[in-house]
Amino acid sequence: MAFLEFDNVKISGLSAGVPKRIAKIDENSIGDARYTAEDYSESVGVYQRRVSDTLTTGDLCYWAAERLIADLGWDKKEIDAIIFASLSPDYMQPATAGILQDRLGLTKECFAEDILLGCSGWVYGLCNAVSLVSSGNMKKVLLMAGDAKFRAKHPLDPLFGFAGTVTALEYDESATPIRFHMGTDGSGYDALIIPDGGARNQLSVESFKEENVEGKMMHRVQSRMKGMDVFSFGITTVPKSFKKFCEHFNTTLDSFDYYVLHQANKKMDDSIVKKLKLNPDQVPYSLHDFANTSSASIPLTIVTRLKEVCKESDKKMLCCGFGIGLSWGTVSIVITPQCKISDLVEVDEDGDDKIHII
């Protein structure tokens, strides 16, 4: 069973970067005559999202990292590792983590790796990063997670937004243990998939020919989703994972101050909250303003929704990322008042960062 517990690691800071451009949900963006913009937004919970024609996940993570490093006062020479979790790396190859090591001016002795995961990516990346720090061999590590893929006109577009996040981890022998429950069900690999473009089905002229997929005209380099399969997976797996986590680690759900879920869509997350009988006031949403931001959604929610309350006292959070893979990860963390949560970084198309407090 994939239960893990790590000592000696604290979350020292969190930051998030998003494109400055806001795209409102309207009839044109939905592209489906069956729904009005109001109906769509009320159903999935997305009223606007951040988009860009030029900015990449690496760009957004870079500006978020620069801001957080400055806010923490860290010496870049002391940063031992970068882990980059995303489904939209800057290039097919090489790894984006290595590019960010150079852009940030970190030492060439810096450990750098990419993790190709989406919705559960932050939790999986956190598990990897925490394991590096826990032994004491690495003292300071940056976890970067997000998605900023420029998509052709696509039926799923209104659901997704662009964001890059950074989580700063530091060795601390007095830190509260960080605990995980991880899982994967590869039998559902095609529930969320881009069929062409990898080694299995390489790009060809045929890849860009549109075909009817459940009533939507799509080509084979666009994301395809079996909506009901994903919905069923989410509302079944997350409650089970929370309950297994509590049973294994001898704790209870009511021992946590907040429950931060991957911002999949409102209907799915509301169903999870109802199944677990959670207090809705303890389940923050960033989906309304930023849409589904894949691996960025959990830290983005903490940065934009919980920054002020985290200044008051230690906040125990139970977080769960779930989706594409199919995979999931539940983690318990403590955010202390000493944790530096940077203001949201808004990035212009030309790459200049603008700080905006929300």
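Modeller: Let's start with the open sheet of five strands, whose order is 1-9-16-15-14, with mixed pairing. Strands (E, at least two residues) and helices (H or I, at least four) are DSSP runs numbered from the N terminus, and two strands pair if DSSP finds at least two bridges between them. This is a predicted model, in which local features need pLDDT of at least 70 and side-chain atom pairs count only at pLDDT 80 or more, while totals for chains, interfaces and linings use all residues. Residues are numbered from 1 along each chain as its sequence is written, and side-chain values use heavy atoms, leaving out hydrogens and water.

Now follow strand 14. Four bridges join strand 14 to strand 15 (residues 315-323) in the parallel sense. Across this pairing, Tyr259 stands opposite Leu318, and the bridge partner of Leu261 is Cys320. Buried means under 20% relative accessible area, exposed means over 50%, and partly exposed is in between (1.4 Å probe, protein chains only).

What packs on the sheet? Helix 5 does, touching strand 1, strand 9 (178-184), strand 15 and strand 16 (327-335). The direction of helix 5 makes about 135° with that of strand 9 (axes are lines fitted to C-alpha atoms, for helices over the stretch in contact, with angles from 0 to 180 degrees between N-to-C directions).

Next comes the nonpolar core, a set of buried Ala, Val, Leu, Ile, Met, Phe, Trp, Tyr and Cys residues joined through side-chain atoms within 4.5 Å. The largest one has 47 residues, and Trp122, Phe180, Met317 and Ile333 have the most contacts inside it. Helix 5 (residues 121-134) provides the largest share of this core, nine residues. Apart from this core lies another, of 37 residues, including Phe242, Val283, Leu318 and Phe322.

Leaving aside neighbours within four places in sequence, Met317 is in contact (heavy atoms within 4.5 Å) with Phe256, Tyr258, Val260, Ile302, Leu306, Cys310, Val331, Ser332, Ile333 and Ile335. One of these contacts, Ile302, is a buried residue of helix 9. Eight of the nine residues of helix 9 (residues 297-305) are buried, so this helix is largely enclosed by the rest of the structure. The buried ones are Ser297, Ile298, Pro299, Leu300, Thr301, Ile302, Val303 and Thr304.

Strand 5 (residues 81-85) is mostly covered, with five of its five residues buried. Ala81, Ile83 and Ala85 point one way, and Ile82 and Phe84 the other way. Strand 5 runs parallel to strand 6 (residues 111-115), joined by five bridges, and here Ile82 stands opposite Ala112.
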